[in-house]
Amino acid sequence: MKPMKKSLLTAAVATAFAVSGAQAAGISDDKVKIGVLADMGGVYSDICGKGCVTAVEMAVEDFGGTVLGKPIEIVSADDQNKADIGSAKVREWVESEGVDAVNGLVASSVTGAVTKVLTDNKKIALISTSASHAFTTKACSPYNAHWTYNVVALANGTVKPMLDAGKKKWFFITADYAFGHALEKVATGVINSNGGEVVGAVRAPLGTTDFSSYVLQAQSSGADVVALANAGADFVNSLKTAAEFGLTETADVAGLLVFTHNAKALDPNIAGGMKLTTGFYWDMDDETRAWSKRFKERHGTIPAMGQAGAYSMTMHYLNAIKEAGTDDADAVMAVMKKNKPNDFFARNAELRADGRMVHDMYQVRIKKADERSNEDDIFAIEQVIPGDVAFGPMMDQCNFTAKK
Amino acid sequence: MKISKSAVALVALGLVAPFVLYPVFVMKVLCFALFACAFNLLLGYVGLLSFGHAAFLGTGGYITGYMMMEAGLTPELGILCGTGAAAALGAVYGKLAVKREGIYFAMVTLALAQLAFFVYLQAPFTGGEDGMQGVPRGHLFGLIDLSDNMNMYYFVFAIFLFGFWVVNRTIHSPFGQILKAIRENEPRAISLGYNVNDYKWAAFVISSALAGLAGSTKTLVFQLASLTDAHWHMSGEVVLMTLLGGMGTIFGPIVGAGAVVTIQNYLSGGELGNYIHIIMGLIFVICVLAFRSGIVGEFQKFMKKNFS
Amino acid sequence: MATFLGINLFGLFGQLLVGLINGSFYALLSLGLAIIFGLLKIINFAQGALYMLGAFFAWMALNYMGINYWAALLFVPLAVGFLGILMERFLLRPIANEDHLYSLLLTFGLALILQGAFTHLYGSSGLSYAIPEQLKGGNRLPFMYLPNYRAWIILASIVVCAGTWYMIEKTKLGAYLRAGTENPQLMQAFGINVPLIVTLTFGFGVGLAGFAGVMAAPVYSVSPDMGSNMLIVVFAIVVIGGMGSIGGAILTGLGMGVVEGLTKYFYPEASTTVIFAVMVIVLLTKPAGLFGKEA
């Protein structure tokens, strides 16, 4: 069964090549234009924002500034975390400015709207920081490449080791919007299929200032683990409150989505020891340190995982254009999926047919105050989670290469 | 006479605009201009500051989106449904709100709009924070393909002109004269035997229906209905547009909406993105301190002083 | 565990107490708004931004100048109050005779500027401010663990609110204040400097927001949008209490904290909306608010 599927796949790729190669060789309107869309000034600006623009600029410079003899241009815009603003901007980019691919992409709501516009126009979405797994499952598209991480990897990476360690009763404090719901649902699936039990959940409105009420409810549930299915300021606030009310002493608190700068902003006495999953950490080895040093010199902070991802996928995209000899989306995507990305960010990596970039994820522990040697010394890597374990199998209906 | 000349200029401008500017951008301006005109009908001509008009914009958008996606209606019927739903909501909210005046009116409308926002946040059909995505533009009367930007543009422009005409017709009708009388001297209007609250209510319903029309059209243009349109920040934004353009003037809201949308568009793309709040705030402060009649109002004053 | 009708009573007590703590913040903020509106008829939409400013000032004082929490509790409200005085003198006074709508719009604009400026300077992910050493730890009550700092919030807020209420309603100074704003010409004729009273009152009301900001810094994340989240809720509270009623604002603030706390227990998704539902009901049955006088 398996070899046959594989040969079918290769054949499909070959046909796709032949067709698109014949149709649209060369670079459309004599340039390759990459748009970077992200929240530039709002709650998610630190995890992508201008840093993603910097990362893409670095990639283009490292690539040499031109591909197939044509210039590579970058435009960027602020989506303010609003789906309508983001999709309108991207529509304008593809309809009147000749943008070939959109990088960045943070809030899942914006990404959902933007990928629809891009798919309609046959342009590529390079998703760096969105968490939802929808873009490679129920809302999958042959033009999506989802790079850094997703909720499935977070749940598998963080939840499963804790279950294995005997923490069976779980309580969720969930951000009451699509991302939080998805994270809770996926994590609940992991818990139930590994002999655990969810004893309760509360849904806190996005941007809740005071979590004490929810922390009390978690406390009285008798759970072993209180999982925080939220992000950004919600995560920081809920964790601080949990520590204040002594919840961290009676139960484990697990942050399901924690970015380096969130961990950095927290008091090491509160956050120290917490385990979490990340797609990248700057201080992992010489390669990551070298790139991160360059990034910090330009941007002022260490890179967040989505910013490193933005660089990695820009490189992979540009290399694919070079090999395909065209910026036609179908041809480029076929090469991107054929060649394995391999750089300081993408380890043991592959861009699957469904658009999911599967790579090594890392379970890390937030360092305590006395373990830290400088302000950027935040995580200690506990274990490497192989990509296929973290991201799980692909859905058949999203296997675009096979369908063609 | 002057009005009709300006109106001709407006129509001419609208007809050529999509050849000069990016059509979707102009459509966005038109949607917000209609929204601001609807709002101005209440603030500028009845003297009622509604701080909850986003509820009607959002309702129009969501209902149109739902009808087109789930019931498969054609665009004109979808818009009709959205507008009707906004008018119905306006009828209920208006009934409750017009009993109050001044700041209380503003706060009641804000509170009611927050309730509507909550429903849209929680109801499954709206898609919550994700919004309602992928609304088809469809074929107008089942014939004209609106996915073509030019077709869509002239459809939106026609809707805008219709809305603008309704506002003007209302202002210049005997009904509009009574509204103005209420604004200037409410006790006197009451003593003349007018049932003031009924008039205010009727104006409120017209205004909310037109706000709903703007929301419905916007959903079609962007193929998306989202919580942004129902959020109280949107209610604040329409106040800014009206104030900047000149409240109580016919063309003020259009100019104001054009200016605000242009500024936002310009800022979101450039290096100044971070300053968007600061610049919007400065506009508010400068408008209030230095030119309260807005762009159009100041311009009219200037013309009167120098040319008549 | 004690239960009643299937409800965990201990859990419920905990929620009530936590509600009261949040209510303390609401009371402080709505008190400031009520004073400014009740005495000056200015609708200060910047109150939330000034609360944010208070929290940031406390953070800056600690990190740049080494000024600790207790000193900040005294100095920051004065600094924020001083800014308020400048605001009143140079921005609000020129439009004092216009429609109240304009003061609302002006302060709304100021709030946007402040929020934008701090987002630009400090980003939006929030800064953390440690709980002062003396108030760390807590006590285990029969039904919950009460952190000392939370107990301190209730205590400090009640003292400040009660003191302010007493000063305005029961002292001679308060009487001048009320008379000066009710009939400025007459008071001016008596030789009282009414514009000065107005300026100082505004400064005081705004200073309360600064005070609340310092109180909030250790428990909430210090972030540019902390004020705008709070603002419309606090506005609703002032309206429910009856605009301009000082005591009404304090009691409603505490009460709404409790109502919100209960909602978080039974239907958390609605916790940010319940106050508006109450507001609609109150305004339709008691137009001037719970404690307001019918105009």
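**View 1. The two domains of chain C in the predicted model.** Taken over C-alpha atoms, the centres of domain 1 of chain C and domain 2 of chain C are separated by 19 Å, in a model that is predicted. The domain assignment places residues 34-224 of chain C in domain 1 and residues 225-295 in domain 2. Where these two domains touch, 21 residues come from domain 1 of chain C and 16 residues from domain 2 of chain C. On the side that belongs to domain 1 of chain C, two or more residues each are given by helix 1, helix 2 (47-65), helix 4 (100-122) and helix 5 (148-170) of chain C, and helix 2 of chain C has the largest share, with six residues. Sorted by class, this side of domain 1 of chain C holds 14 nonpolar, six polar and one charged residues.

**View 2. Chain C where it touches chain A.** In this contact, 32 residues of chain C meet 31 residues of chain A. On the chain C side, helix 1 (9-40), strand 4 (145-147), helix 9 (226-241) and helix 10 (246-266) are the elements that give two or more residues, and helix 1 of chain C gives the most, with five residues. The residues of chain C on this side divide into twelve nonpolar, 18 polar and two charged.

**View 3. Chain C where it touches chain B.** Here 33 residues of chain C are in contact with 30 residues of chain B. Helix 4, helix 9 and helix 11 (274-285) of chain C each supply at least two residues of the side that touches chain B, and helix 4 of chain C gives the most, with 15 residues. By class, this side of chain C consists of 25 nonpolar, seven polar and one charged residues.

**View 4. A helix of chain A beside a helix of chain B.** The axes of helix 3 (residues 83-96) of chain A and helix 2 (residues 23-45) of chain B come within 9 Å and cross at roughly 150 degrees. Because angles over 145 degrees count as roughly antiparallel, helix 3 of chain A and helix 2 of chain B are roughly antiparallel to each other. The residues that make the contact are Ala88(A), Arg91(A) and Glu92(A) from helix 3 of chain A, together with Val24(B), Phe25(B) and Lys28(B) from helix 2 of chain B. By class, this contact has three nonpolar, no polar and three charged residues.

**View 5. The two domains of chain A.** Chain A is divided into domain 1, which covers residues 2-149 and 284-354, and domain 2, which covers residues 152-278. The C-alpha centres of domain 1 of chain A and domain 2 of chain A lie 31 Å apart, and 14 residues of domain 1 of chain A are in contact with 13 residues of domain 2 of chain A. The side of domain 1 of chain A that touches domain 2 of chain A has eight nonpolar, five polar and one charged residues.

**View 6. Confidence along chain A.** The average pLDDT of chain A is 88, and 93% of its residues score at least 70. Within chain A, confidence is lowest in helix 1 (residues 2-23), at a mean of 46, and highest in strand 5 (residues 124-127), at 96. Over residues 1-9 of chain A the pLDDT stays under 50, and the model has three contacts beyond four places in sequence for them. Over residues 13-24 of chain A the pLDDT is also below 50, and this stretch has 14 contacts in the model beyond near neighbours in sequence.

How values were computed
Residues numbered from 1 in each chain as written. Chains lettered and ligands numbered in written order. Predicted model: local features only at pLDDT ≥ 70, side-chain atom pairs only at ≥ 80, totals over all residues. Contact = placed C-beta atoms within 7 Å. Helix = DSSP H or I, 4+ residues; strand = E, 2+ residues; numbered from the N terminus. Nonpolar A, V, L, I, M, F, W, Y, C, P; charged D, E, K, R; others polar. Domains from an automatic or database assignment. pLDDT = per-residue confidence, 0-100. Axes fitted to C-alpha atoms, helices over the stretch in contact; angles between N-to-C directions. Parallel < 35°, antiparallel > 145°, perpendicular 65-115°, else oblique.
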